[in-house]
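Please read this report with the model open beside you.

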Amino acid sequence: MQAMQCAQCAGAIGVDPGHPVPRCLFCGSDALAPRPELDDVEAPDAFLPFEQSMDDVRAAFRSFARSSIWYPSDLRGATLELSRLLVPAWAWRGALETHWAGLVRAMSASGKRPVSGCAHQHFEQVLVPASAALTQDELNRLGGFHEEGEQALQADHLEVPLELSELGRAATRAVALRRMRELHAERITADHGLTTVRLAPVEDGLAGRSVGLPVWIGVFRYKGRPYRILVHGQDGTVVGRAPISLLRVALALVLVLGLVAALVAFALQA
Amino acid sequence: MTPLAAWGQQGAAEMSVTLQAAAETRAHRCTSCGATVQVDPHVASTSCRYCDAPLVDVTLAAEHLDALVSFQLTDVQAGHKLRERLQEAWFVPRRVRQAAAPTSLRPAFVPFYVFDAVARSSWSARIGIYWYRTETYTTTDSDGRTVSRTRTVRETDWHPLSGTHGRRWHDHLVSASKGLPEDESNDLEPFALEQARPFAAELVAGITAELPTVSHDDAHAMAEHELSELERKVIAGELLPGDTHSGLHSSTEVTVERLRLVLLPVFMAVYHHDGEAFRLLVNGQTGRVAGRIPRDKVAIALAVAAAVGLVALAGLLVWFLLSHTGAW
């Protein structure tokens with residue numbers, strides 16, 4: 001595996017010398033240069049296979065372009081440069097025993113009363129990105145990955161570029177634990193109708209492993225500006241930012257102002 | 001027979017053997033000068049009193065100790081920290097201040113039990129939730145008329161509540177040395193235990209390293225007591241809902257998951273004042289100073305007398321002014 005880094009966006013990937021990558025997958029720049037590999041960060045030893053073809057991903061992008069009324073209509077025809085990329089992430093599993101106390105609405109002088117309890121939840125897969133390509137928010141929005149068909153990752157035989165890991169076990173463990181606590185807090189709050197909640201979680205059997213996630217990375221240009229989208233390599237979920245049509249925003253503004261003016265005029269006449 | 005590694009100036013390890021077992025000490029032959037040295041049975045590392053060669057009882061240390069944290073400060077740096085602390089404090093005897101030189105500091109590795117444990121508590125308390133009502137009251141305005149006004153009054157809605165709490169506690173320290181009581185050692189904390197390394201004779205050579213004199217059972221009881229107190233604080237501060245609370249009762253069960261014995265770096269200095277010995281400690285990693293600082297009783301008495309005198313003088317002055325201006 002040859003480690004390469006983009007001089008423009010600092011994105012770093014590992015590629016098989018037999019499958020060279022001409023441009024940076026993250027920003028499209030051709031300023032890619034070899035760099036030494038970091039030995040102190042644990043690289044994935046397995047990866048999950050892609051299940052979405054390039055045609056599937058293009059169709060998913062067209063659906064994404066139609067998903068908001070604020071996106072320009074010609075976005076659907078934008079030229080999308082797509083590449084497959086294995087994004088390193090840590091998959092954590094474990095259980096939480098969460099002791100909690102909070103307030104619920106009640107027929108009391110204050111309108112509230114205190115409640116408490118203890119809840120258990122097992123987490124099968126909490127993913128934490130180990131690189132810069134994918135933020136935690138983007139990974140949460142992409143959703144989970146099933147682990148059927150998982151294959152051993154051979155660094156000397158990479159068919160798909162692998163983004164280089166930047167975070168190790170200890171750093172991602174803390175993030176995973178925080179994520180588990182957030183998820184458990186959401187569930188406890190919803191289950192008990194709490195208006196406020198305080199938690200004391202005890203984690204048990206926390207175990208993590210580094211794995212390469214199958215992600216299509218797409219770069220397109222719209223009116224000269226580059227945009228990047230990520231597509232889940234298994235179910236085609238699209239996550240990314242798209243340009244906003246100023247014409248549509250202006251039309252909506254005019255429409256709202258017109259409606260307000262009409263209502264004011266009607267009220268004055270009445 | 002206890003093997004004893006003598007770490008010479010060239011760093012070469014040599015072995016000597018125990019010559020005889022005494023009731024209170026172990027006798028070792030120093031391989032550097034050949035002298036027979038009596039060593040305290042609770043000391044794993046010391047120096048030959050005849051030639052100052054470092055002596056480390058490797059077998060004894062390996063039997064008891066899991067890891068150690070090395071000194072991050074030199075004795076000069078620790079001396080500066082100690083002097084700073086003494087400069088900040090009031091009424092420190094001059095002799096003690098002057099004696100706080102780096103040469104008066106003795107480095108030592110002190111054994112600590114390190115607990116990783118899960119504490120689970122049951123608690124009950126009264127939870128107060130604030131609410132506000134508007135009340136009308138009558139008062140007299142500036143013109144002397146009786147007027148009616150409103151004000152917002154805070155009330156507390158009290159509810160009984162009970163529940164549970166749990167927390168995983170990492171690296172909770174309990175002194176394993178009878179010479180360093182727990183309350184004194186708590187003042188020295190924290191130590192960065194992530195820097196702990198497996199015990200190796202060359203890491204303690206030339207520095208006194210004590211072996212544990214507090215039993216596992218006593219340390220466990222102390223850890224339970226301290227964790228119960230910590231749990232109570234955390235329940236009050238981080239778990240109880242509402243705006244206020246009262247009558248908190250908690251009981252805690254501690255499950256120890258891992259126990260290690262680690263040597264931690266401490267500088268010690270002993271000062272004598274008014275026939276009493278005072279010990280000051282410096283954390284060999286962070287420079288934090290702990291211990292009871294001796295105070296100069298004469299200086300305190302003089303300061304109190306001066307303060308009383310000043311107050312009396314001010315009183316006299318006020319009385320004089322008032323009596324001569326005809327106010328009285």
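## Two chains in outline

Of the 328 residues in chain B, 40% are buried. Buried means under 20% relative accessible area, exposed over 50% and partly exposed in between, with a 1.4 Å probe and protein chains only. This is a predicted model, in which local features need pLDDT of at least 70 and side-chain atom pairs count only at pLDDT 80 or more, while totals for chains, interfaces and linings use all residues. Residues are numbered from 1 along each chain as its sequence is written, chains are lettered from A and ligands numbered from 1 in the order in which they are written, and side-chain values use heavy atoms, with hydrogens and water left out.

The table sets out two kinds of value for each chain. Contact means heavy atoms within 4.5 Å. Accessible areas come from the Shrake-Rupley method with a 1.4 Å probe, and for residues only the protein chains shown count as cover.

| Chain | Share of contacts (between residues at least 6 apart in sequence) that join residues at least 24 apart | Accessible surface, with the share from carbon and sulfur atoms |
|---|---|---|
| Chain A | 74% | about 14,100 Å², 55% |
| Chain B | 69% | about 18,000 Å², 53% |

Chain B has seven helices and 15 strands. Chain A has four helices and 11 strands. Helices (H or I, at least four residues) and strands (E, at least two) are DSSP runs, numbered from the N terminus.

In chain A, 45% of the 270 residues are buried. Its radius of gyration is 24 Å, whereas a compact globule of 270 residues would have one near 18 Å. That radius is taken over C-alpha atoms, and the globule rule is 2.2 Å times the number of residues to the power 0.38. Along the principal axes, the C-alpha atoms of chain A fill a box of roughly 75 × 55 × 30 Å.

## Aromatic rings

How many aromatic pairs does the structure hold over all chains? There are 10. Rings of Phe, Tyr and Trp (its six-membered ring) pair if their centres lie within 6.5 Å; planes under 30 degrees apart count as stacked, over 60 as edge-to-face and the rest as tilted.

One of these pairs joins A:Phe61 and A:Phe64; it is tilted, with 6.2 Å centre to centre and 35° between the planes. Both residues lie in helix H1 (residues 54-65) of chain A, three residues apart, which is about one turn of the helix. A:Phe61 and A:Phe64 are both buried. With A:Tyr71, A:Phe220 and A:Tyr227, they form one aromatic cluster.

In chain B, the ring centres of B:Phe112 and B:Phe191 are 6.0 Å apart and the planes stand at 50°, so this pair is tilted. B:Phe112 lies in strand S9 (residues 106-140), and B:Phe191 in the loop between helix H4 (182-188) and strand S11 (197-198), so the pair ties together parts that are 79 residues apart in sequence. Both B:Phe112 and B:Phe191 are buried.

## Single residues

The loop between H4 and S11 of chain B also holds B:Pro190. A cis peptide bond joins B:Glu189 to B:Pro190, with omega about 10°.

B:Asp171 is in strand S10 (residues 146-175) of chain B. Its phi is near 55°, a positive value in a residue other than glycine. Is B:Asp171 buried or partly exposed? B:Asp171 is partly exposed, because its relative accessible area is 32%.

A:Asp16 sits in the loop between strand S2 (12-15) and strand S3 (32-34) of chain A. A:Asp16 counts as buried because its relative accessibility is 10%. Leaving out residues up to four places away in sequence, A:Asp16 touches A:Asp156, A:His157 and A:Leu158.
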